[in-house]
Amino acid sequence: MAEFNLKHEWNWADDFIGAGTFAASAGQGDSWVITDTSSAGTPTYARVDLGEATVSGAIGSASLAFDSQTEAQNVCLSFGDNLAFDVDKVRGIEFRVKLGQAALDTATSIAFGLTGDRNDAIDSIAYAALFRVIGADDTTAVVVETDDGTNDNNDVATGSTLLTAWKVLKILFPPGNAAVTFWIDNIQVATATAFDMSNFHGGVQPFVQIQKTSDNNTDSIQIDYVQVWGVR
């Protein structure tokens, strides 16, 4: 991770080292909030206990996973709509993630990036820059999207997939946010689309959501770290 001059820059990161599940409200020393819409089921969301096993390339991680209850489930890790980062000051967000299985079930979708206030329906989030994998469209293909309240780019193909190997996915925000870019393993993707977010000025939060329509699959996503950085 980069070095920062704290007089002019800031850096927030979580490597998910330590114990414990995520709670429905922020606790002391932990900004994360879990939103769980399951009713009969019990999806899991916690920092991973590696025990004596080896998880390749991860020093601490978090897992969001469905259980086998046949129902719609939505599990979201965010700041609980505490929009802590000024989007005009953000310069980037980076995730290292992988799927917990070979591909998503067709009933499952995931999304992660920076958003304004969360919503169960991804396309109903007013302001967002997101990576997505949508099982109903393609069970491993990564697409990207942005919405600033005026410009709306949905499900733009990247030509990349998300599998069970770790990948680093990054969104960069230049001054003015008229040309947001998406990167996967240090390669810029979706370069033919102009991702203009210059009409939005406000707070954002890191966001990871996995959801399924009524189905008994136990799909999951594992997150090695999340990092957000910017200028003062």
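User: What does contact mean here?

Analyst: Contact means that heavy atoms lie within 4.5 Å. By that rule, and not counting residues up to four places away in sequence, Arg91 touches Ile171, Leu172, Phe173, Pro174, Pro175, Trp229, Gly230 and Val231. This is a predicted model, where local features need pLDDT of at least 70, side-chain atom pairs count only at pLDDT 80 or more, and totals for chains, interfaces and linings use all residues. Residues are numbered from 1 along each chain as its sequence is written, and side-chain values use heavy atoms, leaving out hydrogens and water.

User: Where does Arg91 lie?

Analyst: Arg91 lies in strand 7; strands (E, at least two residues) are DSSP runs, numbered from the N terminus.

User: Why is Thr146 called buried?

Analyst: Buried means under 20% relative accessible area, with exposed over 50% and partly exposed in between (1.4 Å probe, protein chains only). Thr146 has 1% relative accessibility, so Thr146 counts as buried. Its place is in strand 10 (residues 141-147).

User: What makes a set of residues a nonpolar core?

Analyst: A nonpolar core is a set of buried Ala, Val, Leu, Ile, Met, Phe, Trp, Tyr and Cys residues joined through side-chain atoms within 4.5 Å. The largest one here has 48 residues, and Leu64 and Phe112 have the most contacts inside it. Strand 7 (residues 90-99) gives the most to this core, with five residues. Another core, of seven residues, lies apart from it and includes Ala111 and Ile122.

User: Which residues is Phe112 in contact with, leaving aside its neighbours within four places in sequence?

Analyst: Among them are Phe95, Val97, Leu162 and Ile221.

Technical notes:
Helices (H or I, at least four residues) and strands (E, at least two) are DSSP runs, numbered from the N terminus.
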